[in-house]
Amino acid sequence: MTMLIQYASLNPTPWKNGGGCTTEILASPPGATLDDFDFRISLATIAHSGPFSLFPGVDRTLSLVDGGGVVLDVGNERQVALSDREPVVAFPGEIAVSATVDGSPTTDFNVMTRRARCSHQVERRIVTDYSLLERRSALTVLFLAEGETLTVHSARERMSMVRYDAVVLDREETWTLEAPRATVFIVDIIGGGDD
């Protein structure tokens with residue numbers, strides 16, 4: 001069954017280190033904590049520079065949604081400027097990552113999957129007028145990152161989204177996305193008994 005998750009109905013939670021807050025969009029199993037989720041999708045605000053929490057055994061993808069950008073020091077291996085030019089970065093949760101915020105806070109879309117149970121793929125797509133979305137996994141989540149509205153429909157269903165809303169898509173094979181212009185993130189959760 002298709003499920004619309006309205007951002008306006010969600011509640012943000014402050015980080016333990018005071019560096020920002022996070023709003024959980026979807027997690028599995030229902031009621032899971034940060035210690036026992038199979039997957040977790042959230043929207044986070046990074047307000048101050050500082051280290052990320054470690055998540056051993058978890059793969060993460062972080063995508064810039066709003067703000068000037070943030071520089072991530074990923075272990076001792078690489079430095080990534082998360083910005084409009086490079087809006088998506090993936091890294092293992094057990095690697096030490098530190099964020100440097102230069103100026104205004106950033107809003108970031110965060111997907112985490114526990115490696116032993118499932119995996120994920122994140123696609124960033126610009127929709128101008130319309131775009132077809134072919135299902136690629138048993139669980140697909142569509143997130144409206146930028147744009148005032150987006151209409152999503154299949155042969156059987158039609159719904160409207162506003163910015164930061166998400167939709168868990170039903171098993172229809174093809175969905176049509178319609179908007180004058182919008183940026184969406186398409187998340188596929190693979191494994192974990194869903195396939």
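## Salt bridges

The predicted model holds eight salt bridges, each a side-chain nitrogen of Lys or Arg within 4 Å of a carboxyl oxygen of Asp or Glu. Side chains of opposite charge can pair when their charged atoms come close.

Among them is Arg-40 with Glu-24, at 3.2 Å from N to O. Arg-40 sits in strand β4 (residues 39–46) and Glu-24 in strand β3 (residues 20–28), so the pair ties together parts 16 residues apart in sequence. Strands are DSSP runs of E, at least two residues, numbered from the N terminus. Arg-40 is buried at 9% relative accessible area. Glu-24 is partly exposed at 33%. Buried means under 20%, exposed over 50%, partly exposed in between (1.4 Å probe, protein chains only).

Arg-115 pairs with Asp-59; their closest N and O atoms are 2.9 Å apart. Arg-115 is partly exposed at 38%. Asp-59 is partly exposed at 25%.

Glu-123 and Arg-125 form another salt bridge, at 3.0 Å between the closest N and O atoms. Glu-123 is partly exposed at 22%, while Arg-125 is buried at 14%.

## Cysteines

Disulfides number zero, counting cysteine sulfur pairs within 2.5 Å. Cys-21 is partly exposed at 25%. Cys-118 is buried at 8%.

## Basis

Residues are numbered from 1 along each chain as its sequence is written; side-chain values use heavy atoms, without hydrogens or water. In this predicted model, local features need pLDDT of at least 70 and side-chain atom pairs 80 or more, while totals for chains, interfaces and linings use all residues.

Conventions
Helices (H or I, at least four residues) and strands (E, at least two) are DSSP runs, numbered from the N terminus.
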